[in-house]
Amino acid sequence: MNNIFEITYTDEILNRIENLNANSQPKWGKMDVAQMLAHCSSFQDIAMGYSLPSRGWLGLLVGRFAKPIFYNDKPLAHNMSTIPTILITSKKDFEIEKEKLKQKIITFQKNGPEACTDHPHPFFGKLTSEQWGKGIYKHLDHHLKQFGV
């Protein structure tokens, strides 16, 4: 499984982000490209410990059993539900969101696994830094494929 902490995969993701433009259209889902970038940026904030959403009751009940879908080799399903605090519905500026996400990915990779949050993921619960690294790559890959890059 690809891990965002490996520079090869960080570079791949950053290059794919560069291939997006303000007119990129989704293959599925309701977010436009700028909202998707803002969503991914907000998810980075969770992994970096900048945002600490609480766990919902569903996550408490089944999160630990579903946890492997976050970091295994199987692609994420289209139109999965998301963490309510990072569901982006407001208008966003593409260039600002693109640059913000790229900087967060670079910082996350540079800070390394030891800088991952200890705060539980709002659905899956406690994750190791390796699980975060794989999950972040998988989440970004999912949304970049959503927009054809």
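Visitor: In this predicted model, which residues is Q44 in contact with, once its neighbours within four places in sequence are left aside?

Guide: Setting those neighbours aside, Q44 is in contact with L101, K104, I105, F108, I136 and L140. Q44 itself is found in helix α2, and with a relative accessible area of 1% it is buried, because buried means under 20%.

Visitor: How many salt bridges does the count come to, and which helix holds both K100 and E97?

Guide: The count comes to ten salt bridges. K100 and E97 both lie in helix α5, three residues apart, which is about one turn of the helix, and their closest N and O atoms are 3.5 Å apart. K100 counts as partly exposed at 37% relative accessibility, whereas E97, at 5%, counts as buried.

Visitor: Is K102 buried or exposed, and what does it touch beyond residues up to four places away in sequence?

Guide: K102, which lies in helix α5, is buried with a relative accessible area of 14%, and beyond those close residues it touches L14, I17 and E18. The side chains of K102 and E99 also meet in a salt bridge, at 3.5 Å from N to O. Being three residues apart in helix α5, K102 and E99 are separated by about one helical turn, and E99 counts as partly exposed at 37% relative accessibility. Elsewhere, salt bridges that share partners join E12, R16, D141 and K145 into one network.

Visitor: Turning to nonpolar residues, how many make up the largest nonpolar core, and which have the most contacts inside it?

Guide: The largest nonpolar core has 33 residues, and those with the most contacts inside it are M36 and W132. Helices α1 (7–18), α2 (33–47), α5 (94–111) and α6 (129–146) each supply at least two residues of this core, and α2 gives the most, with eight residues. Leaving aside its neighbours within four places in sequence, M36 is in contact with L20, M31, H143, L144, Q146 and F147.

Visitor: How many aromatic pairs does the structure hold, and why is the pair of Y9 and Y137 called edge-to-face?

Guide: The structure holds seven aromatic pairs. The rings of Y9 and Y137 have their centres 5.7 Å apart and their planes at 70°, so the pair is edge-to-face, since planes over 60 degrees apart count as such. This pair links distant parts of the chain, with Y9 in helix α1 and Y137 in helix α6, 128 residues apart. Y9 is partly exposed, with a relative accessible area of 22%, while Y137 counts as buried at 5% relative accessibility. F43 and W132, by contrast, form a tilted pair, 6.2 Å centre to centre with 55° between the planes; F43 is in helix α2 and W132 in helix α6, 89 residues apart.

Visitor: Which residues make the nonpolar surface patch of about 580 Å²?

Guide: That patch is made by W57, L58, L61, V62 and F65. V62 lies in helix α3, residues 57–66, and is partly exposed, with a relative accessible area of 34%.

Terms used. Residues numbered from 1 in each chain as written. Predicted model: local features only at pLDDT ≥ 70, side-chain atom pairs only at ≥ 80, totals over all residues. Heavy atoms only, no water. Patch = residues over 30% accessible without salt bridge, like charges linked within 9 Å, V, L, I, M, F, W, Y side chains within 5 Å. Areas by Shrake-Rupley, 256 points an atom, 1.4 Å probe, with all protein chains shown as cover. Salt bridge = Lys/Arg side-chain N within 4 Å of Asp/Glu carboxyl O. Helix = DSSP H or I, 4+ residues; strand = E, 2+ residues; numbered from the N terminus. Buried < 20%, exposed > 50% of the residue type's maximum accessible area, 1.4 Å probe, protein only. Core = buried A, V, L, I, M, F, W, Y, C linked by side-chain atoms within 4.5 Å. Contact = heavy atoms within 4.5 Å. Phe/Tyr/Trp six-rings, centres within 6.5 Å; stacked < 30°, edge-to-face > 60°.
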